[in-house]
Amino acid sequence: MRLTLKTLLSQSVQVNEVIVIDQSGDDKTKVVTSEEFERAAKQSGAAPALRYVQDTSITGVSQARNRALDIATGDIWLFLDDDIDIEPVFVEELVKAFEENPTAGGISGVITNYPIPPFSYRSWLWLFARGPFREKRLPVYWDAHKYRELVPVIGMSGGLMSFRAEIARTGRFDESMRDGEDVDYCVNLEGTPLMVLAPKVRLKHMASNINRIREAWLKKFAASQSHLYHKNWNHKLSNRICFGWFIVGLSLASLLSCVRRLSSEPFVGMLQGLRQGEAAAVASRLHAPAFAKSPVN
């Protein structure tokens with residue numbers, strides 16, 4: 001938290017407002033926030049307006065983001081997690097990207113400290129993740145220094161995404177989701193706005209990023225993708241084919257894990273994840289806000 005605030009308050013172009021949603025039951029985050037704002041005020045003579053919300057009844061990142069959506073002001077809204085280190089010109093480059101690309105409704109930055117994963121995992125993604133399951137962000141993260149132009153994406157990472165305010169107001173984060181809620185939010189915004197990654201808007205994610213390719217994550221991965229599919233993408237034949245092919249890939253990966261571990265647990269977990277995702281998608285649709293749409297792409 002301290003690193004995120006410190007780097008945000010030390011930008012070449014200062015933001016107008018910072019909203020901190022604190023779900024903790026102690027004052028540690030409040031103390032850190034106060035110290036960093038005092039430091040920023042001493043160094044630059046002024047600090048952004050602070051709106052601090054501490055509420056232990058908030059459960060999960062989606063609910064926290066929705067609370068921020070309710071009170072945010074300004075023309076561009078930037079969502080940040082508390083474990084990132086943004087470069088000094090992050091905000092300056094973000095604002096410039098919006099000004100130079102008036103058709104872009106949402107812009108995300110690029111994570112620069114994600115190492116390239118094993119060839120086997122990259123090959124698996126290339127072969128089995130097709131259609132809406134194709135993840136365009138990760139290859140950019142792995143080779144961030146190679147990209148110069150904007151990269152169109154279906155969805156963005158919740159820890160580093162920004163929107164024009166009028167677009168951000170048309171959506172809500174699905175509070176029943178624990179993974180994939182960021183992509184779900186993006187695809188349910190009104191008008192299917194153009195969303196891109198801007199290579200000059202750069203940061204480091206200080207949490208572990210390799211967990212996503214470990215066997216223990218298979219069930220979680222299956223659940224999130226199943227949820228996204230059954231809620232948003234099961235309206236077209238091509239997407240249904242892509243989902244079937246994706247399940248083939250998940251099955252092969254889980255069976256390989258079963259052989260390696262001499263246990264059926266990975267395959268059973270994958271099936272459980274798929275069923276959980278479908279059930280959660282049904283519940284999400286029943287409780288969806290009136291303004292949310294169901295995209296067909």
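This note walks through a few features of the structure above.

1. **Basis.** The model is predicted: local features need pLDDT of at least 70, side-chain atom pairs count only at pLDDT 80 or more, and totals for chains, interfaces and linings use all residues. Residues are numbered from 1 along each chain as its sequence is written, and side-chain values use heavy atoms, with hydrogens and water left out.

2. **Cores.** Start with the nonpolar cores. Such a core is a set of buried Ala, Val, Leu, Ile, Met, Phe, Trp, Tyr and Cys residues joined through side-chain atoms within 4.5 Å. Buried means under 20% relative accessible area, exposed means over 50%, and partly exposed is in between (1.4 Å probe, protein chains only). The largest nonpolar core holds 70 residues. F163 and L250 have the most contacts inside it. A second, separate core has six residues, including I21, I58, A64 and I71.

3. **Strand β7.** Helices (H or I, at least four residues) and strands (E, at least two) are DSSP runs, numbered from the N terminus. Strand β7 covers residues 160–164, and five of its five residues are buried. L160, S162 and R164 point one way from β7. M161 and F163 point the other way.

4. **Partners of β7.** Two strands pair if DSSP finds at least two bridges between them. Strand β3 (residues 76–80) runs antiparallel to β7, and five bridges join them. Here W77 has F163 as its bridge partner. Strand β5 (residues 104–111) also pairs with β7 in the antiparallel sense, over three bridges. I107 has S162 as its bridge partner in β7.

5. **Helix α11.** This helix covers residues 265–286, which makes 22 residues. The expected span is 1.5 Å times one less than the number of residues. That gives 32 Å for α11, and its end C-alpha atoms are 32 Å apart, which agrees.

6. Which residues of α11 are buried? They are P266, G269, M270, G273, L274, G277, A281 and S284. The buried residues pack against α9 (218–233) and α10 (237–261). The face turned away from the buried side carries the exposed residues E265, R275 and L286.

7. **N66.** N66 lies in helix α3 (residues 61–71). N66 is buried, with a relative accessible area of 3%. Contact means heavy atoms within 4.5 Å. Leaving aside its neighbours within four places in sequence, N66 is in contact with R172, F173 and E175.
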